[in-house]
Amino acid sequence: MAKEELLTMEGFIEEILPDGRFAVLLDNEHKIIAYTAGKMRKFRIRSVVGDRVHVEMTPYDLSKGRIVFREKTPGQGGGPPRRRSGFRR
């Protein structure tokens, strides 16, 4: 069992801040500062203003959080991934 239970909330990114942080407006109208989780950075999942995200927060500090999931929004990006050519000099 975990030492503490994390709260998972949903919201959308309102502003991009320096140092890889985001201002997220939660569904309950609270504004928090959040950063991207390690797996999202590892797989280069980019977040932009207006994206719906899931944020994990500790019950000890409800003003900070970690973005753990970005919901797919229709009409963004899409298509097959770009292929890299095998030619090297």
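This is a predicted model: local features need pLDDT of at least 70, side-chain atom pairs count only at pLDDT 80 or more; totals for chains, interfaces and linings use all residues.
The protein has five strands and one helix. If you walk along the sequence, you get β-β-β-α-β-β. There are 89 residues, and 22% of them count as buried. The accessible surface is about 7,400 Å², with 54% of that belonging to carbon and sulfur atoms. And take the contacts between residues at least 6 apart in sequence: 52% of those join residues at least 24 apart.

Now the inside. Which residues make up the largest nonpolar core? There are 11 of them: Ile13, Phe22, Val24, Leu26, Ile32, Ala34, Met40, Val53, Val55, Met57 and Ile67. As background, nonpolar side chains tend to be buried together in soluble globular proteins.

Skipping anything up to four places away in sequence, Ala34 touches Gly20, Arg21, Phe22, Val24, Gly65, Arg66 and Ile67.

And there's Gly65 again, as promised. Is Gly65 buried or exposed? Buried, because its relative accessibility is 7% and the cut-off for buried is under 20%. Leaving out residues up to four places away, Gly65 touches Ile32, Ile33, Ala34 and Tyr35, and also Val55, Glu56 and Met57. Here's another pair to look for on the screen: Gly65 and Ala37 sit 28 residues apart in sequence, yet their C-alpha atoms are 9.6 Å apart in space.

Next up, Leu25, which is in strand E2. Leu25 counts as buried because its relative accessible area is 15%. Ignoring neighbours within four places, Leu25 is in contact with Gly11, Phe12, Glu14, His30 and Lys31. Glu10 is 15 residues away from Leu25 in sequence, and 8.6 Å away in space, C-alpha to C-alpha.

I'd like to show you the second largest pocket, which holds about 230 Å³ of space. Which residues are closest to its centre? Of the 13 lining residues, those are Gly20, Phe22, Thr36, Arg41 and Arg46. Strands E1 (7-17), E2 (21-26) and E3 (31-36), plus helix H1 (38-42), each supply at least two residues of the lining. Sorted by class, the lining has six nonpolar residues, four charged and three polar.

Thr36 is in strand E3, and with a relative accessible area of 10% it is buried. Beyond residues up to four places away, Thr36 touches Gly20, Phe22, Arg41, Arg66 and Ile67.

Last stop, the loops. Where is Ser47? Ser47 is in the loop between H1 and E4, but it counts as buried, because its relative accessibility is 10%. Not counting residues up to four places away, Ser47 touches Ile13, Ile16, Phe22, Met40 and Arg70.

Arg44 is in that loop between H1 and E4 too, but Arg44 counts as exposed, because its relative accessibility is 65%. Its backbone is worth a look as well. As a rule, most residues other than glycine have a negative phi. Arg44, though, has a positive phi of about 55° and is not a glycine.

Asp19 also has a positive phi, near 65°, and again this is a residue other than glycine. You'll find Asp19 in the loop between E1 and E2. What about its surface, buried or exposed? Asp19 is exposed, since its relative accessible area is 73% and the exposed class is over 50%.

Terms used:
Residues are numbered from 1 along each chain as its sequence is written. Side-chain values use heavy atoms; hydrogens and water are left out. On a 1 Å grid over the protein atoms alone, a cavity is a set of points where a 1.4 Å probe fits but cannot get out, and a pocket is an open set with protein on both sides within 12 Å along at least five of seven lines; lining residues have an atom within 4 Å of a point. Grid points are joined across faces, edges and corners, and a volume is the space filled by probe spheres set on the points. Helices (H or I, at least four residues) and strands (E, at least two) are DSSP runs, numbered from the N terminus. Ala, Val, Leu, Ile, Met, Phe, Trp, Tyr, Cys and Pro count as nonpolar, Asp, Glu, Lys and Arg as charged, and the others, Gly among them, as polar. A nonpolar core is a set of buried Ala, Val, Leu, Ile, Met, Phe, Trp, Tyr and Cys residues joined through side-chain atoms within 4.5 Å. Buried means under 20% relative accessible area, exposed over 50%, partly exposed in between (1.4 Å probe, protein chains only). Contact means heavy atoms within 4.5 Å. Accessible areas come from the Shrake-Rupley method with a 1.4 Å probe; for residues, only the protein chains shown count as cover.
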